[in-house]
Amino acid sequence: MRAASPLRVQIKCRCSDIRKTIQPCRVRASLDIKNIFLDRDGTIIEDRHYLCHPREIRFLPGAVLAMQTMTQAGCRLFVVTNQSGIGRGYFSLTDYQRVHERLLELLAVRGVQIQDSAFCPHAPEKGCSCRKPGTGMWEKLCARHGLLARESVMLGDKKDDILFGQACGFRASMLLCTGKGRKTLAQLGLEPTLSQWSEPCSRALPGIPAAVARDLPAAWSWLQQRYANASLGHACNSAGEP
Ligand SMILES: [Mg+2]
Ligand SMILES: [Zn+2]
């Protein structure tokens with residue numbers, strides 16, 4: 001088999017194992033998902049328990065590459081993160097901003113552009129509307145960028161990430177097994193996925209993700225297969241497209 005050109009992207013249909021090689025522009029045109037909302041700790045970078053210094057940033061394996069591919073495919077990336085460490089007095093707003101700026105720098109030099117970000121600085125007992133699963137961060141970013149919920153997905157490692165995506169009316173919310181993901185699976189009574197990803201339940205139940213992915217690259221793989229096939233004219237319905 002000829003070595004894959006870096007300019008071409010492969011889409012594999014899991015129902016018939018047919019491989020289709022298509023141009024990246026075709027992927028851009030065919031992906032129904034335009035906006036990818038990402039949790040930060042445990043999803044993009046290691047969850048280091050109230051991370052408050054730029055030197056503590058450690059990308060999770062494969063996360064940067066996955067985000068590069070998402071960016072190249074024309075998806076807009078948004079980071080939405082609960083930072084209750086600010087409200088609890090563990091670190092300052094300036095500490096958070098320094099970490100965030102460094103994160104953006106590290107990603108930018110690797111070809112990843114974060115379209116925009118939002119964070120909640122409040123402690124849970126404040127009862128604010130911006131702490132996930134509250135939808136305040138979505139409302140803010142939606143107003144700024146004119147986003148559509150049906151073109152958006154949420155990827156995170158906690159139940160509150162899933163509930164957030166569901167409350168916003170997103171197309172799908174995925175749970176990653178990185179960070180606190182395995183703990184969350186146990187909390188939800190779900191089995192860890194043995195393959196790259198799995199779909200635990202065909203019905204949309206509160207807090208139950210549309211899919212569980214091993215990590216961010218696996219989540220991107222699921223998104224491509226789930227939301228590109230139909231537009232490519234291939235009759236794959238094994239993912240239970242609503
Ligand atoms: Mg997290
Ligand atoms: Zn808040």
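What follows is a walk through a predicted model of one protein, from its overall makeup to a few of its helices and loops.

The protein contains eight helices and nine strands. It has 242 residues, and 39% of them count as buried. Contacts can also be sorted by how far apart the two residues are in the sequence. Of the contacts with a separation of 6 or more, 63% are between residues 24 or more positions apart.

Since the model is predicted, the confidence scores should be read alongside it. The average pLDDT is 85, and 82% of the residues score at least 70. Two stretches fall below 50. One is residues 1–29, which has 33 contacts in the model beyond near neighbours in sequence. The other is residues 229–242, with 17 contacts in the model beyond near neighbours in sequence.

Consider now helix α6, which spans residues 159–167. This helix is mostly covered, with seven of its nine residues buried. The buried residues are K159, D161, I162, L163, F164, G165 and Q166. What do they pack against? Their partners are the strands β3, β6 (152–156) and β7, together with helix α7. After α6 comes G169, a glycine with a positive phi near 80 degrees.

Helix α7, residues 181–188, has G181, T184 and L185 as its buried residues. Seen down the axis of α7, these buried residues fall within an arc of 105 degrees, so they line one face of the helix. A186 and Q187, on the other side of α7, are exposed. The buried residues of α7 pack against α6, β7 (172–176) and β9 (211–213). The residue G189 follows α7, and its phi is positive, near 75 degrees.

A further pair of helices is α2 (residues 63–72) and α8 (residues 216–228), which pack at an angle of about 30 degrees with their axes 8 Å apart. Angles under 35 degrees count as roughly parallel, and α2 is therefore roughly parallel to α8. Which residues meet here? From α2 they are A63, L65, A66, T69 and M70, and from α8 they are L216, P217 and W220. By class, this contact has seven nonpolar residues, one polar residue and no charged residues.

The last stop is the backbone in the loops. Most residues other than glycine have a negative phi, and most peptide bonds are trans. Some places in this model depart from that pattern.

Two of them are in the loop between β3 and α2. H49 lies in this loop, where β3 covers residues 35–38. The phi of H49 is near 55 degrees, a positive value in a residue other than glycine. Y50 is found in the loop between β3 and α2 as well, and its phi is positive at about 55 degrees although it is not a glycine.

The remaining case concerns a peptide bond. The bond from K132 to P133 is cis, with omega near 15 degrees. P133 sits in the loop between β5 (114–120) and α5 (136–145).

Terms used: Residues numbered from 1 in each chain as written. Chains lettered and ligands numbered in written order. Predicted model: local features only at pLDDT ≥ 70, side-chain atom pairs only at ≥ 80, totals over all residues. Buried ≥ 20, exposed ≤ 12 C-beta atoms within 10 Å, placed from the backbone. Helix = DSSP H or I, 4+ residues; strand = E, 2+ residues; numbered from the N terminus. Arc of directions from axis to C-beta. Contact = placed C-beta atoms within 7 Å. Axes fitted to C-alpha atoms, helices over the stretch in contact; angles between N-to-C directions. Parallel < 35°, antiparallel > 145°, perpendicular 65-115°, else oblique. Nonpolar A, V, L, I, M, F, W, Y, C, P; charged D, E, K, R; others polar. pLDDT = per-residue confidence, 0-100.
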